[in-house]
Amino acid sequence: MNACRAALLFLWLPPVGAALAAASATAVEPVGRTLAASAAVSMDQAVKMVEQRFHARVVKAEAHKDNGRTVYVLRLLNDSGKVWTVRVEAADGSVQ
């Protein structure tokens, strides 16, 4: 009886596992790509603009929704080791 259960389980698991993997792959999208799709300023443009303006290197970049607007949150590091965060509006490129 246990051999029969094991055989049924063995035959049942691959299709279920494949279905779950397919469902999870389609349900999860990278946040930055989805939010930035309708932006006037891309993430790459925002990073270049901020690096030139502040003479620092962007070490982390994320896209967030803030009251229905897309905002890029950029963490910067300068040559002296100072770290700070700036926010860039994706709609117009304004820096906060």
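Author: One definition comes before the rest: two strands pair if DSSP finds at least two bridges between them. Helices (H or I, at least four residues) and strands (E, at least two) are DSSP runs, numbered from the N terminus.

Reader: Thank you. What kind of model is this, and how are residues numbered?
Author: This is a predicted model, in which local features need pLDDT of at least 70 and side-chain atom pairs count only at pLDDT 80 or more, while totals for chains, interfaces and linings use all residues. Residues are numbered from 1 along each chain as its sequence is written, and side-chain values use heavy atoms, with hydrogens and water left out.

Reader: How many helices and strands are there?
Author: The chain has three helices and three strands. Along the sequence, they follow the pattern α-α-α-β-β-β.

Reader: Which strands does E2 join?
Author: Strand E2 (residues 69-77) is joined to strand E1 (residues 57-66) by nine bridges, and the two run antiparallel. Seven bridges join E2 to strand E3 (residues 83-89), again antiparallel.

Reader: Which residues stand opposite each other there?
Author: Asp-66 has Arg-69 of E2 as its bridge partner. Towards E3, Tyr-72 stands opposite Val-88, and Arg-75 stands opposite Thr-85.

Reader: And what about the turns?
Author: E1 and E2 form a hairpin with two residues between them, and Asn-67 in that turn has a positive phi of about 55 degrees. The hairpin of E2 and E3 has five residues between the strands, with Gly-81 at a positive phi near 95 degrees.

Reader: Let us change topic. What does helix H3 look like?
Author: H3 has twelve residues and reaches 16 Å from its first C-alpha to its last, close to the 16 Å expected at 1.5 Å a residue; the expected span is 1.5 Å times one less than the number of residues. After H3 comes His-55, whose phi is positive, near 50 degrees.

Reader: Which residues of H3 are buried?
Author: Met-43, Ala-46, Val-47 and Val-50 are buried in H3. They cover an arc of only 100 degrees around the axis, so they are on the same side of H3; the arc is that of the directions from the helix axis to the C-beta atoms. Buried means under 20% relative accessible area, exposed over 50%, and partly exposed in between (1.4 Å probe, protein chains only).

Reader: Why would residues spaced like that point the same way?
Author: An α-helix has 3.6 residues a turn, so residues three or four places apart point the same way.

Reader: What is on the other side, and what covers the buried one?
Author: On the other side of H3, Asp-44, Lys-48 and Gln-52 are exposed. The cover over the buried residues includes E1, E2 and E3.

Reader: Which residues touch the most other members of the largest nonpolar core?
Author: Of its 15 residues, Val-50, Tyr-72, Leu-74 and Leu-76 do. Such a core is a set of buried Ala, Val, Leu, Ile, Met, Phe, Trp, Tyr and Cys residues joined through side-chain atoms within 4.5 Å. H3 (43-54), E1, E2 and E3 each give two or more residues to this core, and the largest share, four residues, comes from H3.

Reader: What does Val-50 contact?
Author: Leaving aside neighbours within four places in sequence, Val-50 is in contact (heavy atoms within 4.5 Å) with His-55, Val-58, Leu-74, Leu-76, Val-86 and Val-88.

Reader: Finally, is Glu-89 buried or exposed?
Author: Glu-89, which lies in E3, is buried, with a relative accessible area of 8%.
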